[in-house]
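Please look at the structure shown below and follow its parts in turn.

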Amino acid sequence: MAYASEKYKQRTMVPYPSDAIVPEVDLGKTPALECRHLGIQFGGLKAVDDFNITVGKTEIAGLIGPNGAGKTTVFNLLTKVYQPTTGMIMVNGMDTAGKSTIQVNQMGVARTFQNIRLFNQLSVEDNVKIGLQNQMKYSTLEGILRLPRYWSQEKKMHERAMELLSIFDMQDKADWKADALPYGAQRRLEIVRALASNPKLLLLDEPAAGMNPNETRDLMETIGKIRDEFQIAILLIEHDMKLVMGICEGICVLNFGKVIAKGTPEDIQNNPEVIEAYLGKNEEG
């Protein structure tokens, strides 16, 4: 069963060229993400092999699979932590071949991590401002001398940071040190910092990890709110199947580095290969 939500409603998925489905509202728009025959090999091991996915312009998509299936490796390929051995990655219609992690972020890809990566001794607001650095419009000299444009930009960054924190009702914690936040709030702060870079594609690596059911339900509604407010695509890795089935419009299932199923939540729930991958083969006799 998926989490019930009155605020978030999944949308109709329709066929898209290249054996994919996207939300109906995204037809005719350049997909946020297209991967074709993506793969990476470490020595003789194919960690990801012939990975194909299309994520619509404003789609909330899921990447699921058993532990060790290659999900985080895919995220590392998308963000160029790893350079692929084979295949192509297109972000908003632009090829990312040869791009660095920073360049891919500037192209509109932001991510969170399985293990929280915050600047613990900095304030909550300063953590968000770090995500805003690529929008900074004053020179190093203007910053050192504290010239008028520095103060003008700092004011804008403060206002934007508070606006983003308000999405999670965290504006009252702006002065807290990041490591003083409860675990669930640290997860939310990492999402806010990722949003600060103004992405077109947001990659969430197990965003509900460590959250209780109420926090997870709130997170699901917030992810829907983020997509609707920012009109961006979201691709998430998650082990909480109630969250995945309750919010994802298209789902891709990995096992041993290969795609074994793609489709709507209903398709995935009833797919025998997916059931076997998670539960094991039922031996008879």
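An angle between two elements is taken here between their N-to-C directions and runs from 0 to 180 degrees, with each axis being a line fitted to C-alpha atoms. In this predicted model, helix α6 lies across strands β8 and β9, and its direction makes about 160 degrees with that of β9. The protein chain as a whole has ten helices and twelve strands, and the following paragraphs place several of them.

Strands β8 and β9 belong to an open sheet of six strands, whose order is β8-β9-β10-β5-β11-β12 and whose pairing is mixed. At the edges of this sheet stand β8 and β12 (258-263), each of which pairs on one side only. From one strand to the next, the twist averages 20 degrees. Within the sheet, strand β9, residues 201-205, pairs with strand β10, residues 233-237, in the parallel sense, and five bridges join the two.

Strand β3 (residues 33-42) and strand β6 (residues 86-91) are antiparallel and share five bridges; here Gly39 stands opposite Thr86 in β6. Strands β6 and β7 are likewise paired in the antiparallel sense, over two bridges, and Met90 stands opposite Asp95 in β7. The hairpin of β6 and β7 has two residues between the strands, and in this hairpin Asn92 takes a positive phi near 50 degrees.

Which elements each supply at least two residues of the lining of the largest pocket? They are α2 (101-106), β8 (109-111), α3 (124-131) and α6 (183-196). Helix α2 gives the most, with five residues. The pocket has a volume of about 580 Å³ and is lined by 21 residues. Nearest its centre lie Thr101, Asn105, Ala110, Arg111 and Phe113. Sorted by class, the lining comprises nine nonpolar, eight polar and four charged residues.

Finally, consider the chain as a whole. Its C-alpha atoms fill a box of roughly 75 × 40 × 40 Å, taken along the principal axes. For 285 residues, a compact globule would have a radius of gyration near 19 Å; the protein chain has 20 Å, so the value agrees with that expectation.

Terms used. Residues numbered from 1 in each chain as written. Predicted model: local features only at pLDDT ≥ 70, side-chain atom pairs only at ≥ 80, totals over all residues. Heavy atoms only, no water. Pairing = 2+ DSSP bridges. Helix = DSSP H or I, 4+ residues; strand = E, 2+ residues; numbered from the N terminus. 1 Å grid on protein atoms, 1.4 Å probe; cavity = no way out; pocket = protein on both sides within 12 Å on 5 of 7 lines; lining within 4 Å. Points joined across faces, edges and corners; volume = space filled by probe spheres on them. Nonpolar A, V, L, I, M, F, W, Y, C, P; charged D, E, K, R; others polar. Rg over C-alpha atoms; globule rule 2.2 N^0.38 Å. Contact = heavy atoms within 4.5 Å.
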